Amino acid sequence: MDQLAALLDGPRARGAFLLRVVLDPPWSMRVQDEAPLTLVAMVRGEAWIVRDGVRRVRPGEVAVVRGPEPYVVADRPDTPPHIVIHPGEECTTLDGQSLYQEMHLGVRTWGNHLDGATSMIVGTYLMSGEVGRRLLGALPPLLVRPGGPLIELLGEEMNRNEPGQEAVLDRMLDLLLIATLRGWFATEEAPARFRAQGDPVVGKAMRVMQNNPAHPWTVAALAAEVGVSRASLARRFTELVGEPPMAFLTGWRLDLAADLLREPDATVTSVARKVGYGSPFALSAAFKRAHGVSPQEHRTRALHVAAREAVR
(Lines give C-alpha, C1' and ligand atoms only; values in the text may rest on other atoms or scores of the structure.)
Protein backbone atom coordinates (compact mmCIF):
# COMPACT_ATOMS: atom_id res chain seq x y z
CA MET A 1 0.00 0.00 0.00
CA ASP A 2 1.47 3.39 -0.96
CA GLN A 3 1.38 6.49 1.22
CA LEU A 4 -1.68 8.04 -0.43
CA ALA A 5 -3.60 4.76 -0.39
CA ALA A 6 -2.80 4.37 3.31
CA LEU A 7 -4.13 7.87 4.03
CA LEU A 8 -7.31 7.44 2.03
CA ASP A 9 -7.93 4.02 3.55
CA GLY A 10 -8.39 5.73 6.91
CA PRO A 11 -11.81 7.49 6.78
CA ARG A 12 -14.49 5.32 8.35
CA ALA A 13 -17.68 7.21 9.16
CA ARG A 14 -19.80 5.58 11.85
CA GLY A 15 -23.18 7.19 12.21
CA ALA A 16 -21.77 10.42 10.80
CA PHE A 17 -23.83 13.59 11.08
CA LEU A 18 -25.40 14.13 7.64
CA LEU A 19 -27.83 16.94 6.95
CA ARG A 20 -29.41 18.69 3.99
CA VAL A 21 -29.29 22.43 4.68
CA VAL A 22 -31.71 24.70 2.78
CA LEU A 23 -31.48 28.45 3.31
CA ASP A 24 -32.72 31.74 1.90
CA PRO A 25 -30.37 34.73 2.27
CA PRO A 26 -29.25 36.51 4.26
CA TRP A 27 -27.75 33.74 6.37
CA SER A 28 -24.49 33.11 8.19
CA MET A 29 -23.43 30.37 10.61
CA ARG A 30 -20.50 30.21 12.99
CA VAL A 31 -19.54 26.53 13.23
CA GLN A 32 -17.78 25.68 16.48
CA ASP A 33 -18.71 22.02 16.81
CA GLU A 34 -15.05 20.96 17.20
CA ALA A 35 -15.49 18.19 14.60
CA PRO A 36 -12.19 16.97 13.11
CA LEU A 37 -13.42 17.09 9.52
CA THR A 38 -16.50 18.39 7.68
CA LEU A 39 -17.64 18.18 4.05
CA VAL A 40 -19.92 20.82 2.52
CA ALA A 41 -21.32 19.71 -0.87
CA MET A 42 -23.15 22.45 -2.80
CA VAL A 43 -26.33 21.37 -4.57
CA ARG A 44 -27.87 24.75 -5.39
CA GLY A 45 -26.75 28.34 -4.94
CA GLU A 46 -23.38 29.15 -3.41
CA ALA A 47 -21.73 29.65 -0.05
CA TRP A 48 -18.66 31.40 1.29
CA ILE A 49 -16.48 29.74 3.92
CA VAL A 50 -14.27 31.86 6.14
CA ARG A 51 -11.49 29.70 7.58
CA ASP A 52 -7.92 31.05 7.44
CA GLY A 53 -9.00 32.96 4.34
CA VAL A 54 -12.20 33.07 2.29
CA ARG A 55 -13.34 30.57 -0.36
CA ARG A 56 -16.47 30.45 -2.50
CA VAL A 57 -18.20 27.08 -2.96
CA ARG A 58 -20.30 26.78 -6.13
CA PRO A 59 -22.86 24.16 -7.20
CA GLY A 60 -21.20 20.78 -7.82
CA GLU A 61 -18.23 21.60 -5.60
CA VAL A 62 -17.20 20.12 -2.26
CA ALA A 63 -15.47 22.01 0.53
CA VAL A 64 -13.41 20.01 3.02
CA VAL A 65 -12.93 21.86 6.30
CA ARG A 66 -10.41 20.63 8.86
CA GLY A 67 -11.27 21.20 12.52
CA PRO A 68 -11.46 21.58 15.37
CA GLU A 69 -11.05 25.38 15.01
CA PRO A 70 -14.27 27.36 14.35
CA TYR A 71 -15.19 28.77 10.95
CA VAL A 72 -18.05 30.66 9.27
CA VAL A 73 -20.30 29.54 6.41
CA ALA A 74 -22.44 32.31 4.88
CA ASP A 75 -24.30 33.55 1.81
CA ARG A 76 -21.71 36.34 1.51
CA PRO A 77 -18.29 36.72 3.14
CA ASP A 78 -19.39 39.92 4.91
CA THR A 79 -22.71 38.63 6.33
CA PRO A 80 -22.31 38.55 10.14
CA PRO A 81 -23.14 35.22 11.85
CA HIS A 82 -26.55 34.94 13.49
CA ILE A 83 -26.54 31.16 13.99
CA VAL A 84 -24.05 29.15 16.06
CA ILE A 85 -23.45 25.41 15.63
CA HIS A 86 -22.15 23.84 18.85
CA PRO A 87 -20.77 20.37 19.71
CA GLY A 88 -23.47 17.72 19.92
CA GLU A 89 -25.28 19.10 16.85
CA GLU A 90 -26.81 21.90 18.92
CA CYS A 91 -27.91 25.02 17.03
CA THR A 92 -28.58 28.35 18.76
CA THR A 93 -28.80 32.08 18.22
CA LEU A 94 -25.82 34.22 19.22
CA ASP A 95 -27.32 34.68 22.70
CA GLY A 96 -27.83 30.94 23.22
CA GLN A 97 -31.52 30.40 22.34
CA SER A 98 -32.19 27.02 20.71
CA LEU A 99 -33.17 27.03 17.01
CA TYR A 100 -33.83 23.29 16.74
CA GLN A 101 -37.62 23.44 16.38
CA GLU A 102 -37.61 26.63 14.35
CA MET A 103 -35.22 25.32 11.69
CA HIS A 104 -36.15 21.63 11.61
CA LEU A 105 -37.64 20.95 8.14
CA GLY A 106 -38.02 17.17 8.16
CA VAL A 107 -35.91 14.02 7.97
CA ARG A 108 -32.23 14.98 7.65
CA THR A 109 -33.28 18.49 6.53
CA TRP A 110 -32.62 21.79 8.27
CA GLY A 111 -32.86 25.46 7.36
CA ASN A 112 -35.09 28.50 7.12
CA HIS A 113 -37.03 27.64 3.93
CA LEU A 114 -37.68 24.36 2.11
CA ASP A 115 -37.35 26.11 -1.26
CA GLY A 116 -34.40 28.26 -0.23
CA ALA A 117 -31.99 29.62 -2.83
CA THR A 118 -29.12 27.70 -1.25
CA SER A 119 -29.10 23.93 -0.80
CA MET A 120 -26.11 21.97 0.46
CA ILE A 121 -25.30 18.65 2.04
CA VAL A 122 -23.19 18.79 5.18
CA GLY A 123 -21.39 15.68 6.40
CA THR A 124 -19.41 15.75 9.62
CA TYR A 125 -16.97 13.18 10.98
CA LEU A 126 -17.74 13.34 14.67
CA MET A 127 -15.00 11.16 16.17
CA SER A 128 -11.28 11.85 15.84
CA GLY A 129 -10.66 8.13 15.40
CA GLU A 130 -12.66 8.10 12.18
CA VAL A 131 -10.08 10.16 10.29
CA GLY A 132 -6.44 9.38 10.81
CA ARG A 133 -4.01 11.83 12.37
CA ARG A 134 -1.79 11.57 9.30
CA LEU A 135 -4.62 12.52 6.94
CA LEU A 136 -5.64 15.52 9.03
CA GLY A 137 -2.01 16.59 9.25
CA ALA A 138 -1.65 16.50 5.46
CA LEU A 139 -4.70 18.68 4.77
CA PRO A 140 -4.94 22.48 4.69
CA PRO A 141 -7.58 24.17 6.88
CA LEU A 142 -9.89 24.44 3.85
CA LEU A 143 -9.92 23.07 0.32
CA VAL A 144 -12.53 23.19 -2.44
CA ARG A 145 -12.75 20.64 -5.26
CA PRO A 146 -15.27 19.43 -7.87
CA GLY A 147 -17.64 16.87 -6.40
CA GLY A 148 -19.00 15.23 -9.54
CA PRO A 149 -22.04 12.93 -9.65
CA LEU A 150 -21.46 11.68 -6.10
CA ILE A 151 -23.17 14.80 -4.74
CA GLU A 152 -26.39 13.98 -6.57
CA LEU A 153 -26.23 10.32 -5.55
CA LEU A 154 -25.73 11.25 -1.90
CA GLY A 155 -28.65 13.68 -2.12
CA GLU A 156 -30.90 10.94 -3.48
CA GLU A 157 -29.92 8.53 -0.71
CA MET A 158 -30.67 11.16 1.93
CA ASN A 159 -34.29 11.20 0.77
CA ARG A 160 -34.64 7.51 1.57
CA ASN A 161 -35.34 5.91 4.92
CA GLU A 162 -34.83 2.21 4.34
CA PRO A 163 -33.23 -0.53 6.47
CA GLY A 164 -29.49 -0.03 6.72
CA GLN A 165 -29.76 3.55 5.47
CA GLU A 166 -27.31 4.92 8.02
CA ALA A 167 -24.61 2.49 6.89
CA VAL A 168 -25.23 3.39 3.23
CA LEU A 169 -24.94 7.10 3.96
CA ASP A 170 -21.75 6.57 5.98
CA ARG A 171 -20.10 4.72 3.09
CA MET A 172 -21.22 7.31 0.54
CA LEU A 173 -19.80 10.09 2.70
CA ASP A 174 -16.49 8.19 2.86
CA LEU A 175 -16.53 7.76 -0.92
CA LEU A 176 -17.20 11.45 -1.52
CA LEU A 177 -14.36 12.41 0.82
CA ILE A 178 -11.91 9.95 -0.75
CA ALA A 179 -12.77 11.01 -4.31
CA THR A 180 -12.41 14.68 -3.40
CA LEU A 181 -9.08 14.22 -1.65
CA ARG A 182 -7.61 11.97 -4.32
CA GLY A 183 -8.13 14.76 -6.84
CA TRP A 184 -6.63 17.34 -4.51
CA PHE A 185 -3.52 15.28 -3.75
CA ALA A 186 -2.70 15.37 -7.49
CA THR A 187 -2.62 19.20 -7.55
CA GLU A 188 0.20 21.64 -6.85
CA GLU A 189 -1.50 22.56 -3.56
CA ALA A 190 -0.84 19.12 -2.06
CA PRO A 191 2.28 18.37 0.02
CA ALA A 192 5.34 17.62 -2.11
CA ARG A 193 5.73 14.06 -0.83
CA PHE A 194 2.45 13.04 -2.45
CA ARG A 195 3.19 14.71 -5.78
CA ALA A 196 6.63 13.07 -5.77
CA GLN A 197 5.02 9.65 -6.14
CA GLY A 198 4.59 10.42 -9.84
CA ASP A 199 8.33 10.86 -10.37
CA PRO A 200 9.84 7.82 -12.19
CA VAL A 201 12.86 7.64 -9.84
CA VAL A 202 11.68 9.04 -6.51
CA GLY A 203 8.20 7.55 -6.81
CA LYS A 204 9.66 4.11 -7.41
CA ALA A 205 12.01 4.46 -4.43
CA MET A 206 9.09 5.51 -2.23
CA ARG A 207 6.99 2.54 -3.32
CA VAL A 208 9.86 0.12 -2.75
CA MET A 209 10.19 1.29 0.86
CA GLN A 210 6.44 1.43 1.43
CA ASN A 211 5.84 -2.05 0.08
CA ASN A 212 8.66 -3.64 2.11
CA PRO A 213 9.31 -1.53 5.22
CA ALA A 214 10.87 -4.45 7.11
CA HIS A 215 13.79 -4.68 4.67
CA PRO A 216 17.09 -3.18 5.95
CA TRP A 217 17.16 -0.44 3.36
CA THR A 218 20.12 1.87 2.77
CA VAL A 219 20.42 4.70 0.27
CA ALA A 220 22.86 2.57 -1.74
CA ALA A 221 20.41 -0.36 -1.85
CA LEU A 222 17.57 1.93 -2.91
CA ALA A 223 19.70 3.53 -5.62
CA ALA A 224 20.55 0.11 -7.02
CA GLU A 225 16.87 -0.86 -6.93
CA VAL A 226 15.78 2.17 -8.99
CA GLY A 227 18.83 2.26 -11.27
CA VAL A 228 20.55 5.55 -10.37
CA SER A 229 23.58 6.58 -8.36
CA ARG A 230 23.43 6.96 -4.61
CA ALA A 231 24.19 10.70 -4.80
CA SER A 232 21.62 11.25 -7.54
CA LEU A 233 18.88 9.49 -5.60
CA ALA A 234 19.67 11.30 -2.34
CA ARG A 235 19.67 14.69 -4.05
CA ARG A 236 16.53 14.15 -6.13
CA PHE A 237 14.61 12.52 -3.29
CA THR A 238 15.35 15.38 -0.89
CA GLU A 239 14.44 18.01 -3.49
CA LEU A 240 11.07 16.46 -4.32
CA VAL A 241 9.99 15.01 -0.98
CA GLY A 242 11.53 17.57 1.36
CA GLU A 243 13.51 15.08 3.42
CA PRO A 244 16.21 12.42 2.78
CA PRO A 245 15.20 8.84 1.91
CA MET A 246 16.10 7.38 5.31
CA ALA A 247 14.13 10.08 7.16
CA PHE A 248 11.14 9.30 4.96
CA LEU A 249 11.54 5.59 5.68
CA THR A 250 11.66 6.19 9.43
CA GLY A 251 8.47 8.26 9.31
CA TRP A 252 6.71 5.64 7.19
CA ARG A 253 7.73 2.81 9.52
CA LEU A 254 6.51 4.67 12.59
CA ASP A 255 3.22 5.65 10.95
CA LEU A 256 2.68 2.02 10.00
CA ALA A 257 3.52 0.97 13.54
CA ALA A 258 0.92 3.40 14.90
CA ASP A 259 -1.73 1.83 12.65
CA LEU A 260 -0.71 -1.77 13.36
CA LEU A 261 -0.78 -1.19 17.10
CA ARG A 262 -4.52 -0.54 16.84
CA GLU A 263 -5.16 -4.14 15.83
CA PRO A 264 -6.55 -6.26 18.70
CA ASP A 265 -3.96 -9.04 18.48
CA ALA A 266 -0.92 -6.81 17.94
CA THR A 267 2.10 -6.79 20.23
CA VAL A 268 5.00 -4.35 20.25
CA THR A 269 7.33 -7.23 19.33
CA SER A 270 5.27 -8.33 16.32
CA VAL A 271 4.83 -4.75 15.09
CA ALA A 272 8.54 -4.02 15.46
CA ARG A 273 9.34 -6.99 13.26
CA LYS A 274 6.80 -5.97 10.60
CA VAL A 275 8.09 -2.40 10.27
CA GLY A 276 11.82 -3.13 10.27
CA TYR A 277 12.98 -2.64 13.85
CA GLY A 278 15.30 -5.25 15.31
CA SER A 279 13.70 -5.25 18.74
CA PRO A 280 10.68 -3.84 20.59
CA PHE A 281 13.06 -1.62 22.54
CA ALA A 282 14.36 0.01 19.35
CA LEU A 283 10.81 0.60 18.14
CA SER A 284 9.74 1.98 21.52
CA ALA A 285 12.57 4.52 21.59
CA ALA A 286 11.93 5.74 18.04
CA PHE A 287 8.14 5.74 18.51
CA LYS A 288 8.29 7.82 21.67
CA ARG A 289 10.57 10.38 20.01
CA ALA A 290 8.11 10.75 17.13
CA HIS A 291 4.75 10.46 18.91
CA GLY A 292 5.49 11.52 22.47
CA VAL A 293 4.12 8.30 23.96
CA SER A 294 5.30 4.71 24.07
CA PRO A 295 3.84 2.13 21.65
CA GLN A 296 1.98 0.50 24.54
CA GLU A 297 0.44 3.81 25.63
CA HIS A 298 -0.59 4.53 22.05
CA ARG A 299 -2.13 1.07 21.75
CA THR A 300 -4.07 1.43 25.01
CA ARG A 301 -5.51 4.78 23.93
CA ALA A 302 -6.45 3.45 20.50
CA LEU A 303 -8.26 0.47 21.97
CA HIS A 304 -10.17 2.73 24.36
CA VAL A 305 -11.30 4.91 21.42
CA ALA A 306 -12.37 1.82 19.47
CA ALA A 307 -14.34 0.55 22.47
CA ARG A 308 -16.17 3.89 22.85
CA GLU A 309 -17.03 3.97 19.14
CA ALA A 310 -18.31 0.39 19.26
CA VAL A 311 -21.00 1.32 21.80
CA ARG A 312 -22.14 4.50 20.08
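Here are some notes on this predicted model, going from the overall build to a few local spots.

1. Overall build. The protein has 13 helices and 13 strands. Its C-alpha trace spans about 65 × 40 × 35 Å along the principal axes. Of the 312 residues, 47% are buried.

2. Contacts along the chain. If you take the contacts in the protein with a separation of 6 or more, 71% of them come from residues 24 or more positions apart.

3. Leucine 39. This residue belongs to strand β3, which covers residues 37-44. Leucine 39 counts as buried because its relative accessibility is 2%, the cut-off for that label being under 20%. Who touches it? Setting aside neighbours within four places in sequence, the contacts of leucine 39 are Val62, Ala63, Val64, Ile121, Val122, Gly123, Tyr125, Leu173, Leu176 and Leu177. As for tryptophan 184, it sits 145 residues from leucine 39 in sequence, with 14 Å between their C-alpha atoms.

4. Aromatic pairs, part one. There are three aromatic pairs in the structure. In one of them, phenylalanine 185 and phenylalanine 194 have ring centres 4.6 Å apart and planes at 50 degrees, so this pair is tilted. Phenylalanine 185 and phenylalanine 194 are both buried. Trp184 joins Phe185 and Phe194 in a cluster linked by ring pairs.

5. Aromatic pairs, part two. Phenylalanine 237 and phenylalanine 248 make an edge-to-face pair, with 5.6 Å from centre to centre and 65 degrees between the planes. Phenylalanine 237 is in helix α9 and phenylalanine 248 is in helix α10 (residues 245-260), so the pair ties together parts that are 11 residues apart in sequence. Both phenylalanine 237 and phenylalanine 248 are buried.

6. Helix α7 against helix α9. Staying with α9 (residues 230-241), its axis comes within 10 Å of the axis of α7 (residues 202-211), and the two cross at roughly 90 degrees. That is why α7 counts as roughly perpendicular to α9. On the α7 side the contact uses Val202, Ala205, Met206 and Met209, and on the α9 side Leu233, Arg236, Phe237, Leu240 and Val241. By type, the contact of α7 with α9 has eight nonpolar residues, one charged and no polar. Phe237, from the edge-to-face pair above, is part of this contact too.

7. Cis peptide bonds. Most peptide bonds are trans, and here are two to check against that background. Proline 25 and proline 26 are joined by a cis bond with omega about 0 degrees. Proline 26 lies in the loop between β1 (17-23) and β2 (28-31). Another cis bond joins glycine 67 and proline 68, with omega about 5 degrees. Proline 68 is in the loop between β6 (61-66) and β7 (71-74).

8. Positive phi. Which residues other than glycine turn up with a positive phi? Glutamate 34 is one, with phi near 65 degrees, and glutamate 89 is another, also with phi near 65 degrees. Glutamate 34 sits in the loop between β2 and β3 and is exposed, with a relative accessible area of 53%. Glutamate 89 sits in the loop between β8 (83-86) and β9 (90-92) and counts as partly exposed, at 45% relative accessibility.

Terms used:
Residues are numbered from 1 along each chain as its sequence is written. This is a predicted model: local features need pLDDT of at least 70, side-chain atom pairs count only at pLDDT 80 or more; totals for chains, interfaces and linings use all residues. Side-chain values use heavy atoms; hydrogens and water are left out. Axes are lines fitted to C-alpha atoms, for helices over the stretch in contact, and angles run from 0 to 180 degrees between N-to-C directions. Helices (H or I, at least four residues) and strands (E, at least two) are DSSP runs, numbered from the N terminus. Angles under 35 degrees count as roughly parallel, over 145 as roughly antiparallel, 65 to 115 as roughly perpendicular and the rest as oblique. Contact means heavy atoms within 4.5 Å. Ala, Val, Leu, Ile, Met, Phe, Trp, Tyr, Cys and Pro count as nonpolar, Asp, Glu, Lys and Arg as charged, and the others, Gly among them, as polar. Rings of Phe, Tyr and Trp (its six-membered ring) pair if their centres lie within 6.5 Å; planes under 30 degrees apart count as stacked, over 60 as edge-to-face and the rest as tilted. Buried means under 20% relative accessible area, exposed over 50%, partly exposed in between (1.4 Å probe, protein chains only).
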